[in-house]
2 protein chains.
Amino acid sequence: MFEQLCKTLDKDSMIKAKNRLDSLSKPLESLGWLEHVIIRLCGIYHTDSPDIMKKVMVIMCADNGVVEEGVSQVGQEVTSIVAENFTRNITAINHFTNYMKQDIHIVDIGMSSDSENLNIHNHKIMNGTCNMVKGPAMTKKQALDAINIGIDIVKEMKSKGYKLIGTGEMGIGNTTTSTAILHVFTGYDLDLITGKGAGLSGEGLEKKKNAIMKACQINLPDKNDPIDVLSKVGGLDIAGMCGLFIGGAIYGIPVVIDGFISSVAALVASRICPNCIEFMIQSHGSHEPGTKYVFEQLGMEPVLNMKMRLGEGTGASMIMGIIDLAFYTYYHMGTFKDANVEQYKKHE
Amino acid sequence: MFEQLCKTLDKDSMIKAKNRLDSLSKPLESLGWLEHVIIRLCGIYHTDSPDIMKKVMVIMCADNGVVEEGVSQVGQEVTSIVAENFTRNITAINHFTNYMKQDIHIVDIGMSSDSENLNIHNHKIMNGTCNMVKGPAMTKKQALDAINIGIDIVKEMKSKGYKLIGTGEMGIGNTTTSTAILHVFTGYDLDLITGKGAGLSGEGLEKKKNAIMKACQINLPDKNDPIDVLSKVGGLDIAGMCGLFIGGAIYGIPVVIDGFISSVAALVASRICPNCIEFMIQSHGSHEPGTKYVFEQLGMEPVLNMKMRLGEGTGASMIMGIIDLAFYTYYHMGTFKDANVEQYKKHE
């Protein structure tokens, strides 16, 4: 349904960027992924010299009814406390974004409690999803509404001049919902893909696997219908981030994947609208065991391998800093002519 | 011979750093490798609040006689041209270090041509090594002299107030020497570990493998004597970087590994003086196929996976920027108390 709205990458700008990179005084393609990401961003922006200075982390906050099954070490109230803390400049992502001069945009897309904090943008679909062990987490309409909110936020960020959007989330219980979605899409064994999230005990891990199993048995999500999967065993944070990825393709802005939950949202987006993969940028491989399988499905490889599992968009934020470094080098480095060196030749 | 000179890490400072990290409002250990590196640097500096602001990239430049075997796409003259270019602010590493406010220190430890450029520090052992296919690349004394130069440079950098040293190199032919060292130490098949370096043709790759094979046959390096291996089939850039790693342990300064050549130098250092591993910090996994085997030997895993193969210290420089971000977060992030959240519990 979104496919025909997607923008395309401009091959001509990509070729120009590649030629510029090959003219720089270094072995061909020796900056590896940095060159790939430069070329792709030039394609997305239809120019070989995009201005990518202004960046924003969009953090989707939501609660998950499944938390009542004991799948998390901490209670659902932590979601809104941390969301408030994002606006108090004390969390990890605040310091990542402060350090790298990125902005931050906090969205309540379904927290259980209501906030009057004007820095938490209220796009609440409902006060936390229902417990997926007892029925669908939300209706299909609610999932679609959350996706559309993500898409609209990309439009809004674009109108504010942002050139690169990072995805982040806060939602107690969301490794459970993410693992459930991955399980439905791929059929991978829960023992293989279920992790301890923010720090579960062994007993907690069993509860988590049981909850996912029961949720799948009771809801029978149809793996060929991504909205069905998302609504039955997903979460509003995932749906909102899924909308960000689709919005990236619709409005022609690169959107950066963060860790496990964000990568599952990217996977859902790619199942709804395969074109949007071209607008996604990978960052880190989270410590969650499901991560490698999600990236396999996306046909991507994480470029940071720091065993982080904090969420909040910390990996996405870090890679946006590295993309800045890549463009700084692309714009300033000397060519072979400047360097008095003969250009390297290409061998296949 | 260096072992008894090595400093040790202060466990007390490491425990304090760990306690501070655990008090920050995030799931325990959820910053992954960033937490490990913070704790280790606190151990190295014997304080839980080190000042790591001042950083320098030390780039060892040297030529390799084996280049006459056709193991490189470009000629030996490129080493000194690029070394000059480091001082002209036009190379990739210049822009990495400019962007991240790191200094750069260029060392001629054995280039074939002589430079009068005062920004290229002259510590030349010889005008390029001998062709290892015809005999030892250098004498054991020359290898040891180069190691001692590396150690002395760490002392000098420490006296200038640098807190973190990155390693880089420029030396046409040095993936050949690095691969030869790895081959001798591990016995791994050359087909497995030999790569195309800066861009060899298939024919060039065969020449490279043949040269390594011949060099090993003619010199019979003793894998249990790392200085023997280094002098017979190594290079002066590798020896100098090996000295940097050993110097890190002697003077108590963390030294960052760059890509393939640098990691081989770290491996040689670890064989000479196992203690120095604690003072090494990994960065990226280069695209060179031998890289993963070197890191296996070192018992480390690269944390950046960007398929870079540029050398010059670009990966080390990048990770020094990320270490800055890690410490910025460590120093500024709020605690659980600040955050109104109950501290996460540890489960094994």
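**View 1. The area buried between chain B and chain A.** Buried area is the accessible area (1.4 Å probe) that two parts lose on being put together, summed over both. The size of an interface is often given in this way, as accessible area lost when the parts come together. Between chain B and chain A the buried area is about 4900 Å². Carbon and sulfur atoms give 62% of that area. The contact (heavy atoms within 4.5 Å) takes 58 residues from chain B and 59 residues from chain A.

This is a predicted model: local features need pLDDT of at least 70, side-chain atom pairs count only at pLDDT 80 or more, and totals for chains, interfaces and linings use all residues. Residues are numbered from 1 along each chain as its sequence is written, chains are lettered from A and ligands numbered from 1 in the order in which they are written, and side-chain values use heavy atoms, with hydrogens and water left out.

**View 2. A salt bridge between B:Lys307 and A:Glu301.** A salt bridge is a side-chain nitrogen of Lys or Arg within 4 Å of a carboxyl oxygen of Asp or Glu. Across the interface of chain B and chain A, the rule finds two. In the one formed by B:Lys307 and A:Glu301, the closest N and O atoms are 3.6 Å apart.

**View 3. The side of chain B that touches chain A.** Helices here are DSSP runs (H or I, at least four residues), numbered from the N terminus. Five helices of chain B each supply at least two residues to this side: H2 (33–45), H3 (77–86), H4 (92–100), H13 (314–332) and H14 (336–339). The largest share, eight residues, comes from H13(B).

**View 4. The aromatic pair A:Tyr188 and A:Tyr293.** Rings of Phe, Tyr and Trp (its six-membered ring) pair if their centres lie within 6.5 Å; planes under 30 degrees apart count as stacked, over 60 as edge-to-face and the rest as tilted. The structure holds 10 aromatic pairs over all chains. This one is tilted, with 4.7 Å centre to centre and 50° between the planes. The two residues lie 105 residues apart, so the pair links distant parts of the chain. A:Tyr293 is buried (under 20% relative accessible area; exposed is over 50%, partly exposed in between; 1.4 Å probe, protein chains only), at 12%. A:Tyr188 is partly exposed, at 24%.

**View 5. The aromatic cluster of A:Phe327, A:Tyr330 and A:Tyr331.** A:Tyr330 and A:Tyr331 form a tilted pair, 5.2 Å centre to centre, with 55° between the planes. A:Tyr330 is buried, at 2%. A:Tyr331 is partly exposed, at 33%.
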